Amino acid sequence: MQELKMQDSDVLSYLPPVYKKVLENADQARAEFKEQPKNLEHLVTIARDQYQDFCKLTGIPAQKQRVQKLEQLLLDARTSLEEVLEFILS
């Protein structure tokens, strides 16, 4: 879409509103996309810390291997919430 805009300065006149909005917000979308890995890393850190606190409160030793496995589950896009909960509660 950026290429269209570069080739035709009047591209906004004939594009549907949804595509106009995409072009207008392209810089913001790129910035948000660039921040995603940092946000994911931050969320995984929070979940890991919460899991370790949960283990301390329940008297279960938080083994290093289990913490690493939890991190792997959280970073895998195919992992469902049910799988994470099952891992934590097992």
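The following paragraphs lead through the fold, the extent, the surface and the confidence of this predicted model. Residues are numbered from 1 along each chain as its sequence is written, and side-chain values use heavy atoms, with hydrogens and water left out. Because the model is predicted, local features need pLDDT of at least 70 and side-chain atom pairs count only at pLDDT 80 or more, while totals for chains, interfaces and linings use all residues.

The protein holds five helices and zero strands, where helices (H or I, at least four residues) and strands (E, at least two) are DSSP runs numbered from the N terminus; along the sequence this gives the pattern α-α-α-α-α. The radius of gyration, 22 Å, is well over the 12 Å that the globule rule gives for 90 residues, so the protein is more spread out than a compact globule; the radius is taken over C-alpha atoms, and the rule is 2.2 Å times the number of residues to the power 0.38. Along the principal axes, the C-alpha atoms fill a box of roughly 65 × 20 × 20 Å.

Of the 90 residues, 14% count as buried, that is, under 20% relative accessible area with a 1.4 Å probe and protein chains only. Among contacts (heavy atoms within 4.5 Å) with a separation of 6 or more, 28% come from residues 24 or more positions apart.

As for confidence, expressed as pLDDT from 0 to 100 for each residue, the mean for the protein is 83, and 92% of its residues reach 70 or more. Confidence is lowest in helix 1 (residues 2-7), at a mean of 68, and highest in helix 4 (residues 64-75), at 90.

Definitions and conventions. Buried < 20%, exposed > 50% of the residue type's maximum accessible area, 1.4 Å probe, protein only. pLDDT = per-residue confidence, 0-100.
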